[in-house]
Amino acid sequence: MGTVQNGQTAERLSVVFAVRVIEGGEQGFLEMYEQMRKSVARTPGHIVERLGEPVDGSRQWVITSEWETPEHFFAWQQSEDHQALVAPLRNWVDSTQSLRFRVVKETVEEKS
């Protein structure tokens, strides 16, 4: 089951990437994220990218992205460019978790 876009069913993908930033590594992480954000924004099939900052002092940041199809995301994820881009991330984080979900329902704002 997919979402409907322009009258056609699309299998959009939502990706949640949780990272625990090392103590004192916030600035390096943010600089690294900025490089990643600019690169992924030019990737075919990429819709939106968001960075969530912890409010509880946990150092657990969340990067969420949305893709037109799972194939777009996996093509980017498996590319050599992606591997080279994210390799330096290991300098700023001590744990990661990636979750991927097919978007099956969403709330959209009604326009007046």
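How many helices and strands are there in the chain? The chain contains three helices and six strands, where a helix is a DSSP run of H or I with at least four residues, a strand is a DSSP run of E with at least two, and numbering starts from the N terminus.

This is a predicted model, in which local features need pLDDT of at least 70, side-chain atom pairs count only at pLDDT 80 or more, and totals for chains, interfaces and linings use all residues. Residues are numbered from 1 along each chain as its sequence is written, and side-chain values use heavy atoms, with hydrogens and water left out.

## Overall architecture

Read from the N terminus, the order of elements is β-β-β-α-β-β-α-α-β. The C-alpha trace spans about 50 × 35 × 25 Å along its principal axes. Of the 112 residues, 33% count as buried; buried means under 20% relative accessible area, exposed means over 50%, and partly exposed lies in between (1.4 Å probe, protein chains only). The chain exposes about 7,600 Å², and carbon and sulfur atoms supply 48% of that area. Accessible areas come from the Shrake-Rupley method with a 1.4 Å probe, and for residues only the protein chains shown count as cover.

Among contacts in the chain with a separation of 6 or more, 70% are between residues 24 or more positions apart. Contact here means heavy atoms within 4.5 Å.

## The largest pocket

Rolling a probe the size of a water molecule over the atoms shows where empty space is left. On a 1 Å grid over the protein atoms alone, a cavity is a set of points where a 1.4 Å probe fits but cannot get out, whereas a pocket is an open set with protein on both sides within 12 Å along at least five of seven lines; lining residues have an atom within 4 Å of a point. Grid points are joined across faces, edges and corners, and a volume is the space filled by probe spheres set on the points.

The largest pocket has a volume of about 460 Å³. Its lining comprises 24 residues, and Phe17, Met36, His82, Val86 and Leu89 lie nearest the centre. At least two lining residues come from each of strand 3 (13–21), helix 1 (26–41), strand 5 (60–67), helix 2 (70–77), helix 3 (80–86) and strand 6 (93–102). By residue class, the lining divides into 13 nonpolar, seven polar and four charged residues. Ala, Val, Leu, Ile, Met, Phe, Trp, Tyr, Cys and Pro count as nonpolar, Asp, Glu, Lys and Arg as charged, and the others, Gly among them, as polar.

## Buried positions

Which residues of helix 2 are buried? They are Pro70, Phe73, Trp76 and Gln77. These residues lie on the same side of helix 2, because they cover an arc of only 135° around the axis; the arc is that of the directions from the helix axis to the C-beta atoms. The cover over the buried residues of helix 2 includes strand 3, helix 1, strand 5, helix 3 and strand 6.

Phe29 belongs to helix 1 and counts as buried, because its relative accessibility is 0%. Apart from neighbours within four places in sequence, Phe29 is in contact with Val19, Val21, Leu51, Trp61, Ile63, Leu89, Trp92 and Val93. Phe29 and Pro70, which are 41 residues apart in sequence, lie 26 Å apart from C-alpha to C-alpha.

Arg59 is located in the loop between strand 4 (46–52) and strand 5. With a relative accessibility of 18%, Arg59 counts as buried. Its phi is near 65°, a positive value in a residue other than glycine. Most residues other than glycine have a negative phi.

## Partly exposed serines

Ser39 is placed in helix 1, while Ser95 and Ser98 are placed in strand 6. The table gives their relative accessibility.

| Residue | Relative accessibility and class |
|---|---|
| Ser39 | 23%, partly exposed |
| Ser95 | 34%, partly exposed |
| Ser98 | 33%, partly exposed |

Not counting residues up to four places away in sequence, Ser95 touches Ala18, Val19 and Arg20, and Ser98 touches Val15, Val16 and Phe17. The C-alpha atoms of Ser95 and Val21 are separated by 7.7 Å, although the two residues are 74 residues apart along the chain. Ser98 and Val48, 50 residues apart in sequence, are 17 Å apart in space, C-alpha to C-alpha. For Ser39 and Gln97, 58 residues apart in sequence, the C-alpha to C-alpha distance is 21 Å.
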